[in-house]
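Welcome! Please take a moment with the sequence and the structure below, and then we will walk through them together.

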Amino acid sequence: MWLWFAKTRVGRSIFRVGLPQSNLERSQAMVSSFLLHVQPAKVNKHSLRASYTLGLGLISLYLFLILIGTGILLMFYYVPSTSQAYDRMKDLQFVVSAGLVVRNMHRWAAHLMVLFVMLHLCRVFFTGAYKRPREFNWVLGVGLFLATLGLSFTGYLLPWDQLAFWAITVGTNIAAYAPIVGPKLKFLMLGGNVVGQEALIRFYALHVIVLPAIAGLMVMIHLWRVRKDGGLSRPDESGDTVESIPLGQLPTNKSYGLMELARGTTPQVGKNPEDEVFSWPHLIFRELLLFLLVIAAVLFLAIFWNAPLEQLANPIHPPNPAKAPWYFLGLQELVSYSAFWGGVVVPGLLVSALVLLPYLDRKRAGVGRWFARERRLANTIFSICLAVAIALTIIGTLFRGPNWSWVVPWHTPPAITEGH
Amino acid sequence: MSDNPVRKFYGWFTALGLVVGVLVVVAYYRDEYRPWKDYQRQYIREEIRRATTPDQRLIAQNTPLQIQQIILPELNRVDRCTTCHLAVEDPSYGGYPQPLAYHPFHDQHPFDKFGCTICHRGQGRATTADEAHGNVAHWDEPMLPLKYIQASCGQCHDASDNPAAPELARGQELFETTGCRGCHKLDGVGGNIGPELDKVGARRSPDWLRAHFLEPAAVTPGSGMPPQKFSEPDIEAIVLFMLSQTGADLPSFYASMKVIPSAEEGRRLFQVKGCLGCHSVGGHGGKVGPALDDVSLRRAPEWMMQHFRDPQSVSPGSVMPRFGFTESEARALTEFLLHLRDQTVALSMPSLLSPADRGRGVFRKYGCAGCHGPEGKGGVPNPNAKTAQQIPALTFVADSYTKAEIKKLIFNGQREIVPLDPHLPAPPLYMPAWGSTIKDAEADDLIDYLFSLKPKGEDLGF
């Protein structure tokens with residue numbers, strides 16, 4: 001059916017090339033399609049290896065797309081008002097067709113996106129893929145990581161239940177520990193000194209317009225830069241790419257060739273053809289398969305596990321302990337030792353170190369391989385930081401009970417003598 | 001090309017496509033299948049079975065499956081209970097098993113104005129049984145067990161003047177006579193040793209309250225509250241009264257409905273409106289209008305009602321003004337006048353009482369009995385207090401103190417209670433300072449009452 005449609009006049013007018021049969025048409029399929037042309041007509045075989053990329057960046061992108069789709073659907077029902085938001089959550093669950101599954105998908109995809117963006121960052125580090133010429137794309141990636149946290153954090157408040165209210169209260173209190181600007185920053189975020197209607201509408205605007213626009217733009221640049229910086233990182237790539245072609249090198253029947261004007265690293269034409277395969281179908285079909293896999297995973301989670309919804313937000317009844325979203329629990333754990341170190345110095349240093357990393361670590365050895373021996377020092381430092389962050393997060397998540405005291409998760413706490 | 005590179009992806013696409021397809025179908029099924037639809041089909045089958053004419057049958061057959069809801073903007077509630085409980089308004093379903101049972105006794109509280117959850121609690125927006133009945137995590141208002149349903153009357157109606165809620169009235173009486181206010185505040189009146197009880201009905205479950213009355217320290221470690229010895233009906237009544245204290249702030253429409261025209265309400269109006277300015281009861285009051293002691297012998301209730309609406313219409317030449325009473329106020333006043341020959345009603349009017357009798361009311365109002373025992377006879381334990389590990393009785397205060405000393409003690413309280421054994425924890429109960437709560441005139445009446453407690457003849461020996 002689809003094949004037949006692609007061959008009709010209307011089909012051709014849309015797809016230009018039918019289902020490609022020859023190498024020429026395979027190239028044309030990529031180059032002539034708006035959605036596909038951000039990717040090259042041919043890719044290096046190394047870039048297709050699942051064991052190298054683990055598909056982490058692409059999974060993050062797909063989760064982002066799922067979040068945009070489900071988020072738009074949720075916007076049709078959501079009202080950013082403290083008197084209505086919670087009731088709308090209940091209505092999604094009880095009366096709106098597919099309301100619950102869409103909200104579940106949005107929630108689980110959001111958590112997964114935070115997780116996969118983090119994993120993607122780790123992958124890029126451990127393969128040394130942030131080195132020249134990809135330094136700035138790494139910086140963009142760190143920006144996207146922060147935007148993802150911002151998106152998740154602003155979305156966390158919107159259901160307006162106890163979980164949301166107190167997680168945001170704790171999270172913004174951590175931000176307030178920053179010297180000089182901290183309290184102002186908290187006031188700016190909340191539109192007041194406590195979480196209330198002003199905070200809800202701010203978080204809503206940030207969550208549905210500001211941050212998605214910023215993140216979307218950055219995603220586009222991030223992908224564009226992958227191509228412009230010579231495709232995915234791989235070992236010994238200097239052999240098959242050129243940084244740029246000197247002006248006037250090409251035949252002189254034109255003033256300048258396009259290749260000469262374009263800056264950035266591009267694959268060198270005619271070099272190492274045996275390493276390259278056509279993007280259609282080798283890359284495109286793998287990407288589509290991964291998309292199906294991500295959709296299936298998110299749907300599976302959304303069908304069988306409901307997104308949390310606690311009691312209506314109640315500013316006079318804090319849960320004990322009140323916890324930030326899980327990705328900030330490491331910070332909350334640090335803050336419990338020292339507000340200044342945990343809330344300011346450590347996160348500040350970490351973000352600065354991540355941004356500056358490609359400009360500090362400039363040796364070009366060991367790029368394109370996992371845990372390359374030449375990068376033993378960098379990988380060790382990073383691994384230790386990572387292990388500490390994971391340990392703190394696990395402690396904050398599982399081992400902290402009332403008054404942030406030490407609890408053992410497999411011992412159920414004594415029955416609380418409250419009413420219900 | 002013979003080795004078509006597309007071919008090796010076919011298997012993967014087929015497998016993953018199937019997985020996604022199956023998941024979409026499962027999601028659709030779970031969304032489309034909702035238990036309430038089964039209940040609605042059950043109702044429709046029953047309606048078809050009962051249909052006697054083809055028209056009725058047709059109407060029943062064409063009933064769509066849809067969510068039913070009562071939207072109550074003023075109460076900020078949406079009650080979808082009638083999605084499953086479809087026959088609540090149809091008396092012919094009396095005695096049917098749930099969810100299709102008829103709901104009797106709702107003429108005074110029409111569903112479209114009150115919904116369901118305002119009395120029954122639970123989660124009105126929910127459409128599954130567990131969620132709607134509120135027996136789930138993260139929902140603080142599970143359905144009120146039916147035996148405590150009278151508690152909901154107390155949200156709007158004064159407990160004492162609601163003839164339909166005798167258990168609630170009993171609970172309130174127990175609350176006042178047992179002296180709970182000695183330690184607990186309710187509606188701003190009471191001591192501050194224990195927590196305020198204004199919202200206790202929303203915070204605590206019936207089981208918790210029961211356990212608490214029987215053995216306070218068992219559910220609240222370290223509580224100094226003495227265990228209460230109630231009979232079984234009384235403990236249910238006091239639990240019920242506690243459950244009625246939800247602190248719910250009801251909007252104007254519901255608040256205006258809450259006056260039940262009872263004799264008690266009439267007594268209150270009789271005082272507030274200043275009837276004693278012209279009329280007298282028991283020899284007290286004005287002489288402009290007739291005495292009202294035996295008005296019930298002279299006038300019919302209908303006459304009184306008309307008199308309250310417009311005095312001149314039944315008593316031409318009467319100088320009594322038209323007060324503009326509402327129907328329910330007029331009915332309450334009529335009720336009061338009809339009961340005026342009943343001594344207890346007449347004598348409970350404060351202006352007609354002796355100071356010591358008024359003082360008994362003060363003793364009751366502030367819950368002094370909670371610690372000092374009924375009639376001030378003592379006997380309430382206060383572990384490790386030097387006074388025999390009990391709170392002192394008040395029967396002999398007249399011998400030990402002057403009136404001025406007692407007043408000072410009542411107003412300033414006594415925070416430090418001398419312990420029997422200084423090594424043990426301090427006695428949990430102490431005398432709160434009542435200066436900001438009890439008015440000066442009330443205190444004088446109270447002291448007169450306390451002095452009257454001394455048994456007659458005891459001072460003959462001195």
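**A walk through the model**

In this predicted model, the largest nonpolar core has 79 residues, and those with the most contacts inside it are Leu63(A), Met105(A), Ala109(A), Met113(A), Ala164(A) and Val298(A). Helix 7 of chain A, residues 99-126, gives the most to this core, with 15 residues. Apart from this core lies another one, of 21 residues, which includes Leu144(B), Leu209(B), Phe241(B) and Leu243(B). As general background, nonpolar side chains tend to be buried together in soluble globular proteins.

Which residues is Ala109(A) in contact with, leaving aside its neighbours within four places in sequence? They are Leu63(A), Ile66(A), Leu67(A), Thr70(A) and Val298(A).

Next, look for helix 15 of chain A, which runs over residues 339-360. This helix has a kink of about 35° at Leu354(A), shortly before the proline Pro358(A). Both Leu354(A) and Pro358(A) are buried, and so are Gly342(A), Gly343(A), Val346(A) and Pro347(A) in helix 15 of chain A. The buried residues of this helix pack against three helices of chain A: helix 8 (135-157), helix 9 (162-175) and helix 14 (329-337).

Now turn to the place where the chains meet. Here 25 residues of chain A are in contact with 28 residues of chain B. On the side of chain A that touches chain B, the elements giving two or more residues are helix 6 (85-94) and helix 13 (279-304). Helix 13 of chain A gives the most, with 11 residues. By class, this side of chain A has 15 nonpolar, 6 polar and 4 charged residues. For the complex, the predictor gives an ipTM of 0.84 and a pTM of 0.79.

Chain B is our last stop. Its domain assignment gives domain 1 (48-141), domain 2 (148-249), domain 3 (259-351) and domain 4 (354-455). The centres of domain 1 and domain 4 of chain B, taken over C-alpha atoms, are separated by 52 Å. Tyr33(B) sits in the loop between helix 1 (10-32) and helix 2 (35-50) of chain B. Is Tyr33(B) buried or exposed? Tyr33(B) counts as exposed because it has 9 C-beta neighbours inside 10 Å, and the cut-off for exposed is 12 or fewer. From Tyr33(B) to Thr326(B) there are 293 residues in sequence and 52 Å in space, C-alpha to C-alpha. As for confidence, chain B averages a pLDDT of 84, and 92% of the residues score at least 70. Where pLDDT is low, the predicted coordinates should not be read in detail.

Note on methods. Residues numbered from 1 in each chain as written. Chains lettered and ligands numbered in written order. Predicted model: local features only at pLDDT ≥ 70, side-chain atom pairs only at ≥ 80, totals over all residues. Core = buried A, V, L, I, M, F, W, Y, C linked by C-beta atoms within 7 Å. Buried ≥ 20, exposed ≤ 12 C-beta atoms within 10 Å, placed from the backbone. Helix = DSSP H or I, 4+ residues; strand = E, 2+ residues; numbered from the N terminus. Contact = placed C-beta atoms within 7 Å. Domains from an automatic or database assignment. Bend = angle between axes of the 7 residues up to and from the residue. pLDDT = per-residue confidence, 0-100. Nonpolar A, V, L, I, M, F, W, Y, C, P; charged D, E, K, R; others polar.
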